[in-house]
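Please examine the structure shown below. The paragraphs that follow lead through a pocket, some backbone angles, paired charges and a surface patch.

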Amino acid sequence: MKKLGKKAVALIVCAALAVLIVWSGFYRVGQGEEALVLTFGRITDVKGPGLYWHVPIAQSVISESVTTIHTMEYGFRTTHQGGVGRAASYADETDEGVMLTNDNSIVSLEAIYQYTIRDVAQYTFDVDDPKGTLQLAFEAVIRRNIQNRSLDDALLNKEEIEREVLPDFQALIDSYEMGVKINDVRIQNITVPAEVAGAYEDVNNANNERTRRLDEAERYKNEVLPIARANAYELTAKAEAYKAETIAAAQADVAAFNAIYEKYQTAPEIMRTRLLIETLENVLSSSGRLYIVDGDTTRLLNLNDGPATNAEAAAVLGGDE
(Lines give C-alpha, C1' and ligand atoms only; values in the text may rest on other atoms or scores of the structure.)
Protein backbone atom coordinates (compact mmCIF):
# COMPACT_ATOMS: atom_id res chain seq x y z
CA MET A 1 0.00 0.00 0.00
CA LYS A 2 2.82 2.35 0.87
CA LYS A 3 4.54 1.64 -2.46
CA LEU A 4 1.26 2.18 -4.32
CA GLY A 5 0.76 5.46 -2.45
CA LYS A 6 4.20 6.70 -3.38
CA LYS A 7 3.68 5.76 -7.02
CA ALA A 8 0.32 7.55 -7.04
CA VAL A 9 1.86 10.65 -5.56
CA ALA A 10 4.70 10.55 -8.11
CA LEU A 11 2.23 10.10 -10.96
CA ILE A 12 0.14 12.99 -9.67
CA VAL A 13 3.22 15.20 -9.38
CA CYS A 14 4.41 14.23 -12.87
CA ALA A 15 0.95 14.85 -14.26
CA ALA A 16 0.80 18.21 -12.54
CA LEU A 17 4.20 19.14 -13.88
CA ALA A 18 3.21 18.01 -17.37
CA VAL A 19 0.02 20.05 -17.18
CA LEU A 20 2.00 23.04 -15.89
CA ILE A 21 4.55 22.72 -18.68
CA VAL A 22 1.88 22.33 -21.30
CA TRP A 23 -0.07 25.24 -19.85
CA SER A 24 3.01 27.49 -19.69
CA GLY A 25 3.63 26.80 -23.35
CA PHE A 26 0.54 28.69 -24.40
CA TYR A 27 0.97 32.34 -25.37
CA ARG A 28 -1.23 34.96 -26.88
CA VAL A 29 -0.29 37.56 -29.50
CA GLY A 30 -2.46 40.64 -29.11
CA GLN A 31 -4.05 42.77 -31.80
CA GLY A 32 -1.50 44.90 -33.62
CA GLU A 33 1.37 42.75 -32.35
CA GLU A 34 3.88 40.49 -34.05
CA ALA A 35 5.63 37.63 -32.22
CA LEU A 36 8.94 35.96 -33.00
CA VAL A 37 9.31 32.31 -32.00
CA LEU A 38 12.93 31.48 -31.14
CA THR A 39 14.12 27.90 -30.93
CA PHE A 40 17.41 27.71 -29.07
CA GLY A 41 17.95 31.39 -29.88
CA ARG A 42 17.16 31.27 -33.61
CA ILE A 43 14.01 32.67 -35.20
CA THR A 44 11.96 29.74 -36.42
CA ASP A 45 8.53 31.30 -36.79
CA VAL A 46 6.67 34.62 -36.88
CA LYS A 47 3.14 34.79 -35.49
CA GLY A 48 0.36 37.32 -35.89
CA PRO A 49 -2.53 37.97 -33.47
CA GLY A 50 -3.97 34.80 -31.89
CA LEU A 51 -3.42 32.03 -29.28
CA TYR A 52 -0.43 29.72 -29.81
CA TRP A 53 1.69 27.15 -28.05
CA HIS A 54 5.44 26.77 -27.95
CA VAL A 55 7.82 24.31 -26.33
CA PRO A 56 8.87 25.75 -22.97
CA ILE A 57 12.59 26.02 -22.30
CA ALA A 58 13.50 25.03 -25.86
CA GLN A 59 11.56 27.90 -27.35
CA SER A 60 10.98 31.52 -26.39
CA VAL A 61 8.70 34.25 -27.73
CA ILE A 62 9.44 37.92 -28.32
CA SER A 63 6.40 40.07 -29.04
CA GLU A 64 6.28 43.74 -30.11
CA SER A 65 3.46 45.99 -31.20
CA VAL A 66 3.64 47.04 -34.85
CA THR A 67 0.81 49.56 -34.52
CA THR A 68 1.78 51.44 -31.35
CA ILE A 69 3.11 54.92 -32.07
CA HIS A 70 6.20 55.61 -30.01
CA THR A 71 7.10 59.23 -29.24
CA MET A 72 10.66 60.42 -28.66
CA GLU A 73 11.73 63.84 -27.38
CA TYR A 74 14.74 65.81 -28.55
CA GLY A 75 16.15 68.88 -26.83
CA PHE A 76 13.97 68.39 -23.74
CA ARG A 77 12.50 65.65 -21.52
CA THR A 78 9.14 65.40 -19.82
CA THR A 79 9.85 65.07 -16.09
CA HIS A 80 6.22 64.81 -14.91
CA GLN A 81 3.20 63.94 -16.96
CA GLY A 82 0.29 66.34 -16.72
CA GLY A 83 -2.93 65.32 -15.08
CA VAL A 84 -6.15 66.70 -13.70
CA GLY A 85 -5.33 70.03 -12.12
CA ARG A 86 -1.61 69.59 -12.71
CA ALA A 87 0.45 70.74 -15.67
CA ALA A 88 3.26 68.66 -17.11
CA SER A 89 6.81 69.73 -16.36
CA TYR A 90 9.83 69.60 -18.64
CA ALA A 91 13.61 69.84 -18.43
CA ASP A 92 15.88 71.21 -21.14
CA GLU A 93 18.57 69.01 -22.68
CA THR A 94 21.01 71.76 -23.65
CA ASP A 95 23.64 69.45 -25.13
CA GLU A 96 21.08 68.12 -27.59
CA GLY A 97 19.16 71.26 -28.49
CA VAL A 98 21.88 73.90 -29.03
CA MET A 99 23.20 74.07 -32.60
CA LEU A 100 24.74 76.45 -35.16
CA THR A 101 23.25 77.98 -38.29
CA ASN A 102 25.24 78.68 -41.47
CA ASP A 103 25.85 82.30 -40.38
CA ASN A 104 27.43 81.09 -37.11
CA SER A 105 24.40 82.00 -34.99
CA ILE A 106 23.27 79.82 -32.09
CA VAL A 107 19.74 78.45 -31.77
CA SER A 108 18.05 76.18 -29.28
CA LEU A 109 15.73 73.56 -30.77
CA GLU A 110 13.10 71.33 -29.18
CA ALA A 111 11.38 68.62 -31.21
CA ILE A 112 9.52 65.34 -31.05
CA TYR A 113 9.33 62.50 -33.55
CA GLN A 114 7.05 59.48 -33.69
CA TYR A 115 7.73 56.03 -35.07
CA THR A 116 6.26 52.54 -35.32
CA ILE A 117 8.00 49.16 -35.55
CA ARG A 118 7.37 47.51 -38.90
CA ASP A 119 9.88 44.64 -38.68
CA VAL A 120 10.21 43.10 -35.23
CA ALA A 121 13.17 40.91 -36.17
CA GLN A 122 15.26 43.84 -37.47
CA TYR A 123 14.25 46.08 -34.58
CA THR A 124 15.15 43.44 -31.99
CA PHE A 125 18.30 41.87 -33.38
CA ASP A 126 19.92 44.11 -36.02
CA VAL A 127 20.60 47.10 -33.73
CA ASP A 128 21.90 46.91 -30.18
CA ASP A 129 20.17 50.09 -28.95
CA PRO A 130 17.27 51.02 -31.24
CA LYS A 131 16.12 54.08 -29.29
CA GLY A 132 19.63 55.42 -28.85
CA THR A 133 20.32 54.87 -32.55
CA LEU A 134 17.12 56.68 -33.48
CA GLN A 135 18.11 59.61 -31.29
CA LEU A 136 21.57 59.88 -32.84
CA ALA A 137 20.18 59.58 -36.37
CA PHE A 138 17.62 62.32 -35.73
CA GLU A 139 20.34 64.55 -34.28
CA ALA A 140 22.50 64.09 -37.38
CA VAL A 141 19.65 64.95 -39.74
CA ILE A 142 18.28 67.95 -37.80
CA ARG A 143 21.72 69.48 -37.24
CA ARG A 144 22.60 69.17 -40.93
CA ASN A 145 19.34 70.89 -41.88
CA ILE A 146 19.82 73.77 -39.43
CA GLN A 147 23.45 74.24 -40.44
CA ASN A 148 22.29 74.83 -44.02
CA ARG A 149 20.05 77.72 -42.96
CA SER A 150 20.51 81.28 -41.79
CA LEU A 151 19.32 82.33 -38.34
CA ASP A 152 16.19 84.08 -39.59
CA ASP A 153 15.37 81.16 -41.88
CA ALA A 154 15.62 78.69 -38.99
CA LEU A 155 13.51 80.83 -36.66
CA LEU A 156 10.72 81.47 -39.18
CA ASN A 157 10.37 78.20 -41.12
CA LYS A 158 9.62 75.40 -38.67
CA GLU A 159 7.09 73.72 -40.99
CA GLU A 160 9.58 73.69 -43.86
CA ILE A 161 12.23 72.13 -41.62
CA GLU A 162 9.76 69.42 -40.58
CA ARG A 163 8.92 68.60 -44.21
CA GLU A 164 12.60 68.33 -45.15
CA VAL A 165 13.76 66.39 -42.08
CA LEU A 166 11.13 63.62 -42.23
CA PRO A 167 12.22 61.96 -45.53
CA ASP A 168 15.91 62.45 -44.71
CA PHE A 169 15.39 60.84 -41.31
CA GLN A 170 13.52 57.89 -42.82
CA ALA A 171 16.21 57.39 -45.48
CA LEU A 172 18.95 57.28 -42.83
CA ILE A 173 17.00 54.83 -40.67
CA ASP A 174 16.35 52.61 -43.68
CA SER A 175 20.08 52.47 -44.36
CA TYR A 176 20.53 51.05 -40.82
CA GLU A 177 17.87 48.34 -41.53
CA MET A 178 16.22 48.96 -38.16
CA GLY A 179 12.71 47.93 -39.19
CA VAL A 180 11.26 51.32 -38.13
CA LYS A 181 8.86 53.66 -39.88
CA ILE A 182 9.05 57.38 -39.01
CA ASN A 183 5.48 58.69 -38.85
CA ASP A 184 5.96 62.32 -37.95
CA VAL A 185 8.46 65.02 -37.00
CA ARG A 186 7.34 68.10 -35.08
CA ILE A 187 9.48 71.11 -34.19
CA GLN A 188 8.16 72.31 -30.85
CA ASN A 189 10.28 75.42 -30.59
CA ILE A 190 13.29 77.17 -32.13
CA THR A 191 14.62 80.11 -30.14
CA VAL A 192 17.77 82.07 -29.49
CA PRO A 193 19.28 80.96 -26.15
CA ALA A 194 18.85 83.47 -23.34
CA GLU A 195 22.63 83.74 -22.96
CA VAL A 196 23.01 85.22 -26.46
CA ALA A 197 19.61 86.91 -26.84
CA GLY A 198 21.09 90.36 -26.08
CA ALA A 199 23.83 89.97 -28.66
CA TYR A 200 21.31 88.73 -31.20
CA GLU A 201 19.13 91.78 -30.54
CA ASP A 202 22.12 94.05 -31.14
CA VAL A 203 22.89 92.28 -34.41
CA ASN A 204 19.26 92.49 -35.45
CA ASN A 205 19.16 96.23 -34.69
CA ALA A 206 22.36 96.75 -36.66
CA ASN A 207 20.91 94.86 -39.61
CA ASN A 208 17.74 96.94 -39.45
CA GLU A 209 19.80 100.14 -39.37
CA ARG A 210 21.86 98.90 -42.31
CA THR A 211 18.67 98.17 -44.25
CA ARG A 212 17.31 101.63 -43.45
CA ARG A 213 20.51 103.32 -44.59
CA LEU A 214 20.56 101.28 -47.79
CA ASP A 215 16.96 102.27 -48.49
CA GLU A 216 17.83 105.93 -47.94
CA ALA A 217 20.84 105.61 -50.23
CA GLU A 218 18.69 103.95 -52.87
CA ARG A 219 16.11 106.75 -52.69
CA TYR A 220 18.86 109.38 -52.93
CA LYS A 221 20.36 107.56 -55.90
CA ASN A 222 16.98 107.48 -57.60
CA GLU A 223 16.62 111.23 -57.05
CA VAL A 224 20.14 112.30 -58.06
CA LEU A 225 20.95 109.97 -60.93
CA PRO A 226 18.14 111.13 -63.27
CA ILE A 227 19.19 114.76 -62.78
CA ALA A 228 22.86 113.90 -63.27
CA ARG A 229 22.04 111.91 -66.40
CA ALA A 230 19.94 114.80 -67.76
CA ASN A 231 22.76 117.28 -67.09
CA ALA A 232 25.29 114.94 -68.65
CA TYR A 233 23.07 114.50 -71.70
CA GLU A 234 22.64 118.28 -72.02
CA LEU A 235 26.38 118.93 -71.68
CA THR A 236 27.13 116.18 -74.16
CA ALA A 237 24.63 117.61 -76.63
CA LYS A 238 26.12 121.09 -76.27
CA ALA A 239 29.63 119.72 -76.68
CA GLU A 240 28.60 117.80 -79.78
CA ALA A 241 26.96 120.95 -81.20
CA TYR A 242 30.05 123.03 -80.44
CA LYS A 243 32.22 120.37 -81.98
CA ALA A 244 30.12 120.28 -85.14
CA GLU A 245 30.04 124.08 -85.35
CA THR A 246 33.79 124.42 -84.80
CA ILE A 247 34.61 121.72 -87.33
CA ALA A 248 32.27 123.31 -89.88
CA ALA A 249 33.86 126.76 -89.35
CA ALA A 250 37.33 125.29 -89.60
CA GLN A 251 36.41 123.46 -92.77
CA ALA A 252 34.95 126.68 -94.23
CA ASP A 253 38.15 128.57 -93.37
CA VAL A 254 40.23 125.83 -94.94
CA ALA A 255 38.05 125.89 -98.05
CA ALA A 256 38.35 129.70 -98.30
CA PHE A 257 42.10 129.56 -97.78
CA ASN A 258 42.47 126.83 -100.41
CA ALA A 259 40.39 128.88 -102.86
CA ILE A 260 42.54 132.00 -102.28
CA TYR A 261 45.70 129.94 -102.47
CA GLU A 262 44.66 128.50 -105.80
CA LYS A 263 44.08 132.02 -107.15
CA TYR A 264 47.35 133.17 -105.61
CA GLN A 265 49.23 130.46 -107.45
CA THR A 266 47.60 131.58 -110.70
CA ALA A 267 48.55 135.32 -110.32
CA PRO A 268 50.75 135.92 -107.28
CA GLU A 269 51.29 139.67 -107.87
CA ILE A 270 47.64 140.43 -108.36
CA MET A 271 46.71 138.38 -105.29
CA ARG A 272 49.31 140.16 -103.16
CA THR A 273 47.96 143.53 -104.24
CA ARG A 274 44.38 142.39 -103.62
CA LEU A 275 45.21 141.03 -100.18
CA LEU A 276 47.02 144.26 -99.32
CA ILE A 277 44.03 146.34 -100.41
CA GLU A 278 41.62 144.12 -98.45
CA THR A 279 43.83 144.34 -95.38
CA LEU A 280 44.00 148.14 -95.64
CA GLU A 281 40.23 148.26 -96.04
CA ASN A 282 39.80 146.25 -92.87
CA VAL A 283 42.27 148.39 -90.95
CA LEU A 284 41.12 151.80 -92.21
CA SER A 285 37.40 151.04 -92.09
CA SER A 286 37.40 151.49 -88.33
CA SER A 287 39.37 154.77 -88.43
CA GLY A 288 37.56 158.10 -88.01
CA ARG A 289 39.85 159.76 -90.57
CA LEU A 290 40.91 158.68 -94.04
CA TYR A 291 44.27 159.79 -95.50
CA ILE A 292 45.69 159.37 -98.96
CA VAL A 293 49.46 159.43 -99.49
CA ASP A 294 50.48 160.97 -102.77
CA GLY A 295 53.77 159.46 -103.94
CA ASP A 296 56.80 160.44 -101.84
CA THR A 297 55.35 163.70 -100.60
CA THR A 298 54.65 164.15 -96.93
CA ARG A 299 51.46 166.06 -97.48
CA LEU A 300 48.35 164.00 -96.61
CA LEU A 301 44.82 164.59 -97.72
CA ASN A 302 42.22 164.28 -94.95
CA LEU A 303 39.10 163.23 -96.79
CA ASN A 304 36.96 163.75 -93.72
CA ASP A 305 37.84 167.21 -92.43
CA GLY A 306 40.12 168.73 -95.06
CA PRO A 307 43.93 168.91 -95.16
CA ALA A 308 45.64 167.14 -92.31
CA THR A 309 48.11 168.85 -90.06
CA ASN A 310 51.71 167.78 -89.91
CA ALA A 311 51.13 166.25 -86.45
CA GLU A 312 48.23 164.15 -87.71
CA ALA A 313 50.26 162.94 -90.67
CA ALA A 314 53.16 162.08 -88.43
CA ALA A 315 50.83 160.12 -86.15
CA VAL A 316 49.35 158.17 -89.08
CA LEU A 317 52.65 157.46 -90.77
CA GLY A 318 54.44 156.73 -87.49
CA GLY A 319 57.34 159.10 -88.42
CA ASP A 320 58.43 162.80 -88.71
CA GLU A 321 56.62 165.47 -90.67
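In this predicted model, the largest pocket holds about 180 Å³ of space. Rolling a probe the size of a water molecule over the atoms shows where empty space is left. Among the residues that line the largest pocket are Gly-75, Asp-92, Thr-94, Ser-108, Asn-189 and Glu-195. Strand 10 (106-117) and strand 11 (180-191) are the elements that give two or more residues to this lining.

The next topic is the backbone. Most residues other than glycine have a negative phi. Phe-40 is not a glycine, and yet its phi is positive, at about 50°. Phe-40 is located in the loop between strand 2 (33-39) and strand 3 (42-47). Its relative accessible area is 70%, above the cut-off of 50%, and therefore Phe-40 counts as exposed. Asn-104, also not a glycine, has a positive phi of about 60°. This residue lies in the loop between strand 9 (98-100) and strand 10, and Asn-104 is exposed, with a relative accessible area of 64%.

Attention now turns to charged side chains. Side chains of opposite charge can pair when their charged atoms come close. The structure contains 14 salt bridges. In one of them, Arg-77 pairs with Glu-96, and the closest N and O atoms are 2.7 Å apart. Because Arg-77 belongs to strand 7 (residues 76-80) and Glu-96 to helix 2 (residues 94-97), this pair ties together parts that are 19 residues apart in sequence. Arg-77 is partly exposed at 28% relative accessibility, whereas Glu-96 is buried at 14%.

Another salt bridge joins Arg-186 to Glu-162, with 3.3 Å between the closest N and O atoms. This pair links distant parts of the chain, Arg-186 being in strand 11 and Glu-162 in helix 6 (residues 158-176), 24 residues apart. Arg-186 counts as partly exposed at 40% relative accessibility, while Glu-162 counts as buried at 11%.

How far apart in helix 7 are Arg-213 and Glu-209? They are four residues apart, so about one helical turn separates them. Their side chains meet in a salt bridge of 3.0 Å, N to O. Elsewhere, a network of salt bridges links Arg-149, Asp-153, Glu-160 and Glu-164.

Finally, Phe-26, Leu-51, Trp-53 and Val-55 make a nonpolar surface patch of about 410 Å². Trp-53 is part of strand 4 (residues 50-53) and is partly exposed, with a relative accessible area of 41%.

Definitions and conventions
Residues numbered from 1 in each chain as written. Predicted model: local features only at pLDDT ≥ 70, side-chain atom pairs only at ≥ 80, totals over all residues. Heavy atoms only, no water. Patch = residues over 30% accessible without salt bridge, like charges linked within 9 Å, V, L, I, M, F, W, Y side chains within 5 Å. Areas by Shrake-Rupley, 256 points an atom, 1.4 Å probe, with all protein chains shown as cover. Salt bridge = Lys/Arg side-chain N within 4 Å of Asp/Glu carboxyl O. Buried < 20%, exposed > 50% of the residue type's maximum accessible area, 1.4 Å probe, protein only. 1 Å grid on protein atoms, 1.4 Å probe; cavity = no way out; pocket = protein on both sides within 12 Å on 5 of 7 lines; lining within 4 Å. Points joined across faces, edges and corners; volume = space filled by probe spheres on them.
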